[in-house]
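Subject: Structure handover

Hello,

Here is the structure I said I would pass on.

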Amino acid sequence: MNRFVFDGAPAAAFRALPVVAALALGASALPASAQTGNTLSLGQQAAETITYNADGKAPSARALPGLDAMLAGGDVLDRTLDWFYASRRFEPVWSKGRGVIAPAGARSLIAAVEGVEKHALSPSEYDLPALEAALDKPWDAAAERLFTRTYLKLARDLGSGVLEPRRLSRNMDVSPARPDQDELLSRLGASRDFDRLLDGLAPQTADYQALLATYERLSAIADDPGAWGPQVAKGGSLSIGDRGPRVAALRARLTAMGDLVTDAPAAGLGTVVAAADITSDVPLDTGEPDAKRFDSALEIAVKHFQARHGLNEDGVVGPATLDALNTSPAVRARQVAVNLERARWNSERMRGARIVANLPDYTVRVFRPDETVRYESRVVIGKYKHQTVEFSHEMDHMVVNPTWYVPNSIAVNEILPKLRADPGYLASRNMRLSGADPYEVEWEFVTPSTFPGRIQQRPGRGNALGRVKFMFPNRHAIYLHDTPQRRLFARDNRAFSHGCVRVEKPAELAAVLLEGQVSDPEGSFERWVARGSERYVHLDEKLPVHLVYRTAWRDEQGTIQFRRDVYRRDQLIAEALEQRGVRLPEG
């Protein structure tokens, strides 16, 4: 017979804690810490005794007043809390003792809720009035559970975001790594420092913390149109040697942003580099600068600005650079808020050895286990109407000298019109049509629904996939691959593909992936290419692949980087955050 003694609490207080699991399943189903002595303490008053049946089952609900109501209510979280409090013998977490008004732990949680705005979240998500009202009453079980529920929600939101990306766009196939409730409760139960516990709920990465600081600085000046000085007027490109008021405005704006080194404090966004860190074709000027003259120091500042905005570092203020320069602090603040949410979605995944393609940055990187970058390359991503999807998977093989199986959409929308003009189009591009002779098809009568067969492009020169493709099988049919169209890599904006990711340095990527698998990675790859036949190479070490969409982040040097919102996904997230009560600067 198991005997549970609930001593020290009136029946009403006991029933406020719906210990369904403890009552319905018996002591053997409780955590070990709750079974010790078969006694669960609630205080120092009268006791009730529950006698179990001979078969070990709990008595019927009718045997205990109010138990039927407790069994009928509650959700999964309620049952989780039941187990948590049973494991600690129903001792409160947020108060040192029963009846204590305004316990310190509860005040810490309320302060954390009030402070979520600095994370670009909304206190309205956490029923702040109810939390504050609980402090004006003697502490009881209802208040205890309210605060624990709030803690779990706060931990979830700060640790993995408030939004469900897939509900915003089919191109955001991201499932945030939600924190484990049992682990969160375990940390709560063991904590002796509530402030430290709550501060640690958000990602502790250098990237996230730098974005937090940047969001605070930008939010502070978002309502001041002159914080970065006047915008640079539209006009022709500006470069070294030019003079005039536009150059003076450019100088003032770069100084305010922190890109141009001066003795004056700047409302900048990143680490200002020394003059020697960015090269110039013109000797560095010395002496007092002429504000209206585009000198070598200003050219260095322009290059630094271009570097942290993903623009070609030519030191010339053309249309793309001018557009980035004239972006307001409010717009940048909204951009950082959006990327704080994105960082929360993926913070748990962005660790260790991995491949990361940041779509708006048009780059792919391979990270070592120690977080250093082993490889980096420019990439071309999908054009706006063929957007590359955000998702995570695992790279497990590469195909050397790949065959390109032309997607049906490309066959009917792009190749069919060319076949109507020239049936020899396929042969001229090393392609073949399965199931039909292209010279015998009356192409003028073919429609998208009657297109005959499947088009393939054989391995070799001119193949759209180049010499190699890197595979992480997924439902989006997206992969990384080489390309014969090398000229596109020189552009600032590189959204030209049908959705897959074209890599500028594919041979180097192949060699990195083969390290430790073959004795001569570079030589082995080149020999396989030279043979000309298609070859599948399975990787001994599979690597996580993350296709992410970050338009603001901290780089390895501590500089905040910004990128153009090429697919206009920032606005989707900003609007969704505002619908959740987040107050963002008006951009």
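The notes below cover the strands, the nonpolar cores and the salt bridges.

This is a predicted model, in which local features need pLDDT of at least 70 and side-chain atom pairs count only at pLDDT 80 or more, while totals for chains, interfaces and linings use all residues. Residues are numbered from 1 along each chain as its sequence is written, and side-chain values use heavy atoms, with hydrogens and water left out.

Strands

Helices (H or I, at least four residues) and strands (E, at least two) are DSSP runs, numbered from the N terminus. Two strands count as paired if DSSP finds at least two bridges between them.

An open sheet is formed by three strands in the order β7-β9-β8, with antiparallel pairing. Its edge strands are β7 (404–405) and β8 (431–433), each of which pairs on one side only. β7 is joined to β9 (residues 455–457) by two bridges, and Tyr-405 has Gln-456 in β9 as its bridge partner.

Strand β10 (residues 468–471) has two partners to look at. With β6 (residues 391–400), β10 pairs in the antiparallel sense over four bridges; Val-399 stands opposite Lys-469 there. With β11 (residues 480–481), β10 is joined by two bridges, again antiparallel, and Phe-470 has Leu-480 as its bridge partner. Both faces of β10 are covered: Val-468 and Phe-470 on one side, and Lys-469 and Met-471 on the other, are all buried. Buried means under 20% relative accessible area, exposed means over 50%, and partly exposed lies in between (1.4 Å probe, protein chains only).

Nonpolar cores

A nonpolar core is a set of buried Ala, Val, Leu, Ile, Met, Phe, Trp, Tyr and Cys residues joined through side-chain atoms within 4.5 Å. The largest one has 84 residues, and Trp-94, Phe-147 and Leu-188 are among those with the most contacts inside it. A second, separate core has 61 residues, including Ala-357, Val-512, Val-529 and Tyr-567.

Leaving aside neighbours within four places in sequence, the residues in contact (heavy atoms within 4.5 Å) with Trp-94 include Pro-103, Leu-109, Trp-139, Glu-144, Tyr-151 and Phe-194.

Salt bridges

A salt bridge here is a side-chain nitrogen of Lys or Arg within 4 Å of a carboxyl oxygen of Asp or Glu. The count by this rule is 29.

Asp-78 and Arg-149 form one of them, at 2.9 Å from N to O. Asp-78 lies in helix α5 (residues 76–87) and Arg-149 in helix α8 (residues 141–160), so the pair ties together parts that are 71 residues apart in sequence. Asp-78 counts as buried at 14% relative accessibility, and Arg-149 as partly exposed at 29%.

Asp-173 is buried, with a relative accessible area of 11%. Asp-173 forms a salt bridge with Arg-166, their closest N and O atoms being 2.7 Å apart, and another with Arg-475, at 2.8 Å. Asp-173 lies in the loop between α9 (165–168) and α10 (181–190), and Arg-475 in the loop between β10 and β11, so this pair ties together parts that are 302 residues apart in sequence. Arg-475 is exposed, with a relative accessible area of 67%.

Elsewhere, salt bridges that share partners join Glu-125, Lys-153, Arg-156, Asp-157, Glu-164, Arg-178 and Arg-580 into one network.

Regards
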